[in-house]
Amino acid sequence: MLETDLDRTLEAFFTGQRRAAARLISVVENGGPRAEDVLHQLYPRLTGAPRLGITGPPGVGKSTLVDALVRYHRKHDRRVGVVAVDPTSPFTGGAVLGDRVRMGDLTTDPGVFIRSMATRGSLGGLARATKEVVDVLEAFGQQMLIVETVGVGQTEMDVAQATDSVVVVLSPESGDAIQAMKAGLMEVADILVVNKADRPGAGQMVRTLEADLAMRPHSEWSVPVLVTVASKGEGIAELCAAVDEHRVHLEQSGDLADRRRRRAQTEITAVLRDRLWQRAHARLADEIPAWAERVAAGQETPYTAARSLMAAFLEDSE
Amino acid sequence: MSDRSDDTTRALLGSLHQRPSNDDPHVTVSGREIRPLVGPDDVDIDHARDLGEPGEYPYTRGVHASMYRGKMWTMRQFAGFGTAQQTNERYRFLLSRGQTGLSVAFDLPTLMGRDSDDPWCMGEVGKCGVAISSLEDMETLFDGIPLADISTSMTINSPAAIIWAMYIAAAEKQGADITKLRGTLQNDILKEFIAQKEFIFPPLPSMKLVVDTIEYGTNEMPQFNTISISGYHIREAGSTSVQELAFTLADGFAYVDAAIEAGLDVDDFAPRLSFFFNSHLDFFEEIAKFRAARRIWARHMKDRYKAKNPRSWLLRFHTQTAGCSLTAQQPMLNVVRTAYEALAGVLGGTQSLHTNSLDEALALPSEESVEIALRTQQILAHETGVASTVDPLAGSYFVEKLTNDMEAGAEAYFARINELGGVVPALEEGFFQREIADAAHWYQEALERKQRVVVGVNEYVNPDEKQQIPLLRIDKEVAQTQNAKLAALKTRRDPAACAAALKRVEQTAQDGGNLMPPFIEAVKAYASLGEIIETLKGVYGEYTEPIII
Amino acid sequence: MGRAIRVLVAKAGLDGHDRGAKVVARALRDAGMEVIYTGIRQTPEMIAEAAVQEDVDAVGLSLLSGAHMHIFPEVQRLLNDKGGDDILLTGGGTISDEDMAELRASGVGQLFGPGASTRDIVEYIQTEIGGRRAGEPS
Ligand SMILES: Nc1nc2c(ncn2[C@@H]2O[C@H](COP(=O)(O)OP(=O)(O)OP(=O)(O)O)[C@@H](O)[C@H]2O)c(=O)[nH]1
Ligand SMILES: [Mg+2]
């Protein structure tokens, strides 16, 4: 896209064209200076709309739940934006993004915008990219923003970074609860949902989770444990009520401002790190191989090598 | 071949250096490694325990003592096209030539429970089968054909119960005694979730509809086979032979479980369960698959389900040669492939056989190719002598070993399915779909690496060939005729009676009662297929499958 | 390597035979592409709208029901309507050479018949999208 193209796309975006929104999301997702320009233009349009994260182990029904949530908000006439994140294969760099399947006919609802995103293996970068994609959707006028991501390893931390309220979804199936407790999913949860409550074991699971929560240090917000049957739309109104309640809590306690401040801080740090690294890399890339050779030959340690490289870089910057 | 260039000749002979050398392991089309030699030490053959006599438990050697000497397999070619009227004419012609059974192919809209005027059906009405949207269409389809005297096979699944209700109503109107009607419904919804994907409702209510038909058939129409448990489509979707065997039989057991749970006695319905398998190219493996299928079924029905009637132990099956083995390149070669596959089906002891036409994978087969397909079976039956001796391969070290391996492989799958909580939870979780996708992927890779040779496609390619795919032009008139007919019907029928009948369908679906009686009432009130399906969707919801790549 | 190529893989119409679509989706992923898989039973409207929202480089349709002369032009028209005329529309299935030629002439990309190798499909998309991207600054 040429600069003038970008301007034209921005213009189209402001008149509500979905193709333009989709393009700007790509620009932002791909990062770089053009992403910055776009975000700069969009910032004044941000509305502070609620941002909801949905995470949990694979196959628990997250996408089905998102579909039900979107329908609920559509009934209340809210425009909704969905970002569904799936992992990139570390071996091929490719990904299959399949969350749309569960949201079939929402695709053609003009009040809904769904975007699939691959993690692209960017450590920490995912949080930034996700947040900025959500920014675009918010600036586009979506009034409720939902991010779905599989909670394996790091991604649930990223979704927590990018949203205000995090719903952790589990299902009564094999060992989800234990896995969640081990994997740190419980730490990011503002609300816990046991989906597939039509399957045996849901009641038992709720009790296990509540017992686990009771043992955790007391905080002002007590994490509720809800049950849903996403495939039948059961428990969705209650879930939405809990999300609203959490938002009220965030606003009244000042946590929302806090969270957003913390998020801004992380963002600045990430951008700064990116920038510094880019500049350092541009300056030092050619020299690194020679140093690597010396380290490999035992003449230097990685630390002494880094120290010398850093010194060279800082000298240049002055 | 004097008009061919040297290049062409070389290509036809194949580039030898690219093919696997003799040191490479030989694998079957399903990826099974095959040994160069199998002898008495490699296989444990206990004649009494594992083979028995033909017509005796465990039926490894066949379901009849005299097999094809007693009764030749049925040569049943499946067909259907266009409107009910056009198909009716075709059926009358076939019956006038001495055919005693009919096999109905429905179009995609009907298979998906949609009326011809549904916007989803644009371009598909009457395409790969006949369009049936109401009892009126069913009456036209069998106009002048006495349903009391023939046996009708209907390839239909999700809407099977409703289509069957139309068949019953049409027969009743002809004055037939419905308790004497004969035929087969495919009605195998589990393989739809697993492979063919023509599902509508979620698995549990779908299973309930199947059980309703089994129950209704057991009580009211004891001569009708209400289900044909199918591995054919599982194989076409890319499964291995063991997967086809294991998943099909697991589906069969799931239906038996569901019917027993609904309060039926296993010996009351099991004798009417029938099966439908694929016969693929890997000759011995396929034969072993059929023999193992009979043995596994007999063992489970007798030991696990405690069936007492020996007829409950019998696995009777129809076979179709593998559509997925046909090639668009040099289609004449498909005649050869189909012949080998048919031979495997016969040596495996099939009860009936459909041989594919050489252009079947690409279009509605031409008359000439249909004839060649049928003649292939006739040559097999009357010229080759393979039908003269029962289970001629029994006792072969290799075949018996493969049969044992097949059984062991299937049992291993049963155990895994069990661990997942049964067939329905396993398919909701995507287990079968993942297994099949992996197998299909392996096969594609093997083709592209030329680990497997497909003559005319990845080796021995004819460089001069231009791909001939017959034009599949959409006959817009069929849809127009259908739509006009349906619109006229809707103005003619009694709207109050129709609405009341649909209400009763809804009520019964909610209460969990047997839906066959309200279906029959609704079709008689000329509620359309689409209307009845929509009513059920309101109660049952629709199914979206998990994504497995 | 530039940013990943994004491809929407869909099955249009009522036909549920998804073996080919899945094999291709997997091959594209293994070639490093981001594949948005919509599953079976998609309308042309759903396909075009999803392609636009996902800002894909290409749409790949698998069609075995014989409805290709209806579906491909319809998806192309809807893509154009929605400003997605620069999205490559390709696909495969049981499509005759004549039909392929007719569709190509109407602006649809290359189509692949039965027995096509997934390598050829991957290569085609890579070359085609690579060419298109070469014209723009990254
Ligand atoms: N029984 C039951 N099944 C459900 C429910 N919700 C979802 N499912 C099924 O669970 C399976 C997975 O659903 P998805 O929504 O794709 O799950 P997901 O968590 O988004 O999966 P990934 O994105 O792959 O991690 C599907 O077969 C759904 O139909 C429920 O409440 N009850
Ligand atoms: Mg999901």
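This is a predicted model: local features need pLDDT of at least 70, side-chain atom pairs count only at pLDDT 80 or more; totals for chains, interfaces and linings use all residues.
Residues are numbered from 1 along each chain as its sequence is written, while chains are lettered from A and ligands numbered from 1 in the order in which they are written. Local features need pLDDT of at least 70, side-chain atom pairs count only at pLDDT 80 or more, totals for chains, interfaces and linings use all residues, and side-chain values use heavy atoms, with hydrogens and water left out.

**Figure 1. Magnesium site in chain A.** Ser63(A) through OG, Asp99(A) through OD and Glu148(A) through OE coordinate the magnesium ion (ligand 2) at 2.1 to 2.3 Å. Donors are N, O and S atoms within 2.8 Å of the metal (3.2 Å for Na, K and Ca); water is not among the atoms, so sites may look incomplete. The spacing of the donor residues in sequence is S-x35-D-x48-E. Ser63(A) belongs to helix α4 (residues 62–75) of chain A and Glu148(A) to strand β5 (residues 144–150) of chain A, so the pair ties together parts that are 85 residues apart in sequence. Helices (H or I, at least four residues) and strands (E, at least two) are DSSP runs, numbered from the N terminus.

Figure 2. Chain A is assigned domain 1 (1–45), domain 2 (46–252) and domain 3 (264–317), with bounds that come from an automatic or database domain assignment. Taken over C-alpha atoms, the centres of domain 1 and domain 3 of chain A are 32 Å apart. Ser89(A) sits in the loop between β2 (80–86) and β3 (95–97) of chain A. A polar atom of the Ser89(A) side chain lies 3.2 Å from the backbone nitrogen of Thr92(A). From Ser89(A) to Gln252(A) the C-alpha separation is 42 Å, and the two residues are 163 apart in sequence.

**Figure 3. Interface of chain A and chain B.** Contact (heavy atoms within 4.5 Å) joins 5 residues of chain A to 6 residues of chain B. The buried area is about 450 Å², with 61% from carbon and sulfur atoms; the term stands for the accessible area (1.4 Å probe) that two parts lose on being put together, summed over both. The rule finds 1 salt bridge across this interface, where a salt bridge is a side-chain nitrogen of Lys or Arg within 4 Å of a carboxyl oxygen of Asp or Glu. Arg199(A) and Glu428(B) form a salt bridge whose closest N and O atoms are 2.4 Å apart. On the side of chain A that touches chain B there are 2 nonpolar, 1 polar and 2 charged residues. In this classification Ala, Val, Leu, Ile, Met, Phe, Trp, Tyr, Cys and Pro are nonpolar, Asp, Glu, Lys and Arg are charged, and the others, Gly among them, are polar.

**Figure 4. Interface of chain B and chain C.** Here 45 residues from chain B and 36 residues from chain C take part in the contact. The two chains bury about 3,400 Å² between them, 56% of it on carbon and sulfur atoms. Trp120(B), Glu448(B) and Ile549(B) supply 20% of the area that chain B buries against chain C, more than any other three residues. There are 3 salt bridges across the interface, one of them between Lys197(B) and Asp18(C) at 2.8 Å, N to O. Elements giving two or more residues to the chain B side are α5 (108–111), α10 (232–236) and α19 (431–448). With 9 residues, α19(B) gives the most to this side. The chain B side divides into 23 nonpolar, 8 polar and 14 charged residues.

**Figure 5. Arg19(A), Asp86(C) and Lys82(C).** Arg19(A) and Asp86(C) meet in a salt bridge of 2.8 Å, N to O. The pair crosses between chains, from helix α2 (residues 18–30) of chain A to the loop between α3 (68–81) and β4 (88–93) of chain C. Lys82(C) is also found in the loop between α3 and β4 of chain C. Leaving out residues up to four places away in sequence, Lys82(C) touches Arg19(A), Glu45(C), Ala48(C), Glu49(C) and Val52(C).

**Figure 6. Backbone geometry in two loops of chain B.** The peptide bond from Tyr57(B) to Pro58(B) is cis, with omega near 0°. Pro58(B) is placed in the loop between α2 (47–51) and α3 (67–70) of chain B. Asp391(B), a residue other than glycine, has a positive phi near 40° and lies in the loop between α16 (367–382) and α17 (397–419) of chain B. Most residues other than glycine have a negative phi, and most peptide bonds are trans.

Conventions
A polar contact is a pair of N or O atoms within 3.5 Å; within protein, one must be able to donate a hydrogen and the other to accept it, and residues adjacent in sequence count only if both atoms are side-chain atoms.
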